[in-house]
Amino acid sequence: MAEASGGESSSFADPTTSNDKPDEAVNAESQNGKPTCILCLGMAGSGKTTFVQRLTAHLYARKEKPYVVNLDPAVKEVPYPANIDIRDSVNYKEVMKQYKLGPNGGIVTSLNLFATRFDQVMNFLDKKGSSDFKFAIFDTPGQIEVFTWSASGAIITEALASSFATIVVYIIDTARSTSPVTFMSNMLYACSILYKTKLPFIVVLNKTDIVDHNFAVEWMQDFEVFEEALSQDSTYMSSLTRSMSLVLDEFYQNLRTVGVSSMTGAGMDEFLKAVDDAVVEFETQYKPDLDSEDEAEGGAEEEWDEEEMKEHESFKRFLENEKQKGQTAKKEENG
Ligand SMILES: Nc1nc2c(ncn2[C@@H]2O[C@H](COP(=O)(O)OP(=O)(O)OP(=O)(O)O)[C@@H](O)[C@H]2O)c(=O)[nH]1
Ligand SMILES: [Mg+2]
C-alpha cells in the first residue's frame with residue numbers, strides 16, 4: 001500500500017492541476033470563496049461514475065474545472081481526470097490479501113485507511129478551493145452501504161460539511177425504477193440517507209435517454225397517480241407500499257429532483273441550478289444548525305475527538321490482529 005506523506009508530491013498528489021495555471025474563467029467564486037462539495041451516492045450500477053464523468057466534462061466545457069475525487073477503491077478504470085484517487089494511496093487487492101478479507105471487507109478497510117488521512121484532502125480543498133475551482137465532486141464505492149453506514153463515510157461527510165457547503169446527490173437508475181415497489185424501496189433508501197447525513201439533497205433520476213423520468217416526478221407529486229400504478233398489484237407489498245408512499249409525502253415535498261442522462265448530458269444545467277439552490281439551503285439552514293449544535297454542546301468537540309480516537313485505536317488493533325493472523329497462517333503454510 002502506498003504511503004501518503006503529506007505535501008503534493010505524496011500519493012495524494014494532484015495529477016491534473018499541480019502544474020496548471022488556473023485560467024481566469026476558472027476562478028469561480030463560491031460560498032465565502034470556498035468550494036461546494038458534491039457527494040455522489042447511489043445503488044450499484046445506478047450511474048455514479050458515469051454521472052461524475054459527465055458532470056466533470058460539462059463543467060470543463062463551462063470553463064469551471066472541478067476538483068474530482070474517486071473514493072471507490074475497487075473500480076477498475078476511472079473515466080474522468082481524478083485529482084485524488086483512493087487507489088493511489090490504498091491498494092484494495094493488497095488490503096484484502098494482507099488482512100484476509102472478502103471484497104466488501106476490503107472496500108470498508110480501504111476506505112477506513114483513506115479516512116485516517118482525509119485531513120490531507122481537506123488541506124488541498126482548503127488551499128486551492130478559493131481560487132482554482134468552485135466544485136469538488138466525490139465518486140463513491142459501488143456498494144452504497146460501505147459509504148453511508150461506515151464510520152469512515154461519516155467521518156468524510158462530516159469533515160467536508162464542517163468546512164464547505166456540502167450536498168448529497170442520490171443517483172437513481174430510472175429505467176430500473178419503473179415498478180412502483182422498486183421505486184418506493186429506492187426512495188426509502190434515499191430518505192434514510194437524508195436522515196443519516198442531514199445535508200441538502202438532490203435526487204438525480206439518471207438514464208433518461210432510456211426512459212423519461214416524468215412518471216417518477218408524477219408519482220411523487222400526486223399520490224393518486226402512484227396509487228393507480230400500484231392498483232395492478234394486490235400483494236401485501238403493494239399495500240405496504242401504499243402506506244409508505246403516504247409517509248414519504250413530506251419527504252417528497254421538500255425534495256429536489258432532476259432528470260439527467262449521464263450518457264447524453266441532458267439535464268446537466270438543471271442539475272447545476274439545483275446545486276445552487278441546495279447551496280443556499282446549506283448556508284441558510286444547515287450551517288446555522290451545525291454552528292448552534294457546536295455551541296450548545298460546548299465540549300462536544302472534545303468528546304467527539306475522544307470517540308474518534310477510540311474508534312481509531314480499535315481499528316488499529318483490528319488491523320494489527322489481522323496482520324498477525326495472516327503472518328501466522330503464512331508461516332504455517334510455508335512450514
Ligand atoms: N443508457 C444509459 N446508461 C447509463 C447512464 N449512466 C450510466 N449508464 C450505464 O450504467 C452502467 C453503470 O454505470 P456506472 O457509472 O459504472 O455506475 P456506478 O453507479 O458508478 O456503478 P458502481 O460504481 O459499480 O456501483 C454502465 O454500463 C453505464 O454505461 C445513462 O445516463 N444512460
Ligand atoms: Mg462507480
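Where does E281 sit? Some notes on that and a few other spots, bearing in mind that this is a predicted model.

1. E281 has its place in helix α13, the stretch covering residues 268–297. Buried or exposed, then? The cut-off for buried is under 20% relative accessible area, and E281 comes in at 16%, so it counts as buried.

2. On to helix α1, which takes in residues 48–61, 14 residues in total. From first C-alpha to last α1 reaches 20 Å, close to the 20 Å expected at 1.5 Å a residue.

3. Which residues of α1 are buried? The list runs K48, F51, V52, L55, T56, H58 and L59. They cover an arc of only 165° around the axis, which puts them on the same side of α1.

4. Have a look at what comes after α1 too: the helix is followed by K63, and the phi of K63 is positive, near 60°.

5. Now the chain as a whole. It has 14 helices and seven strands, and 46% of its 335 residues count as buried. The accessible surface comes to about 16700 Å², with 49% of that belonging to carbon and sulfur atoms.

6. One last thing, on contacts: taking those between residues at least 6 apart in sequence, 77% join residues at least 24 apart.

Technical notes. Residues are numbered from 1 along each chain as its sequence is written. Chains are lettered from A and ligands numbered from 1 in the order in which they are written. This is a predicted model: local features need pLDDT of at least 70, side-chain atom pairs count only at pLDDT 80 or more; totals for chains, interfaces and linings use all residues. Side-chain values use heavy atoms; hydrogens and water are left out. Helices (H or I, at least four residues) and strands (E, at least two) are DSSP runs, numbered from the N terminus. Buried means under 20% relative accessible area, exposed over 50%, partly exposed in between (1.4 Å probe, protein chains only). Contact means heavy atoms within 4.5 Å. Accessible areas come from the Shrake-Rupley method with a 1.4 Å probe; for residues, only the protein chains shown count as cover. The expected span of a helix is 1.5 Å times one less than its number of residues. The arc is that of the directions from the helix axis to the C-beta atoms.
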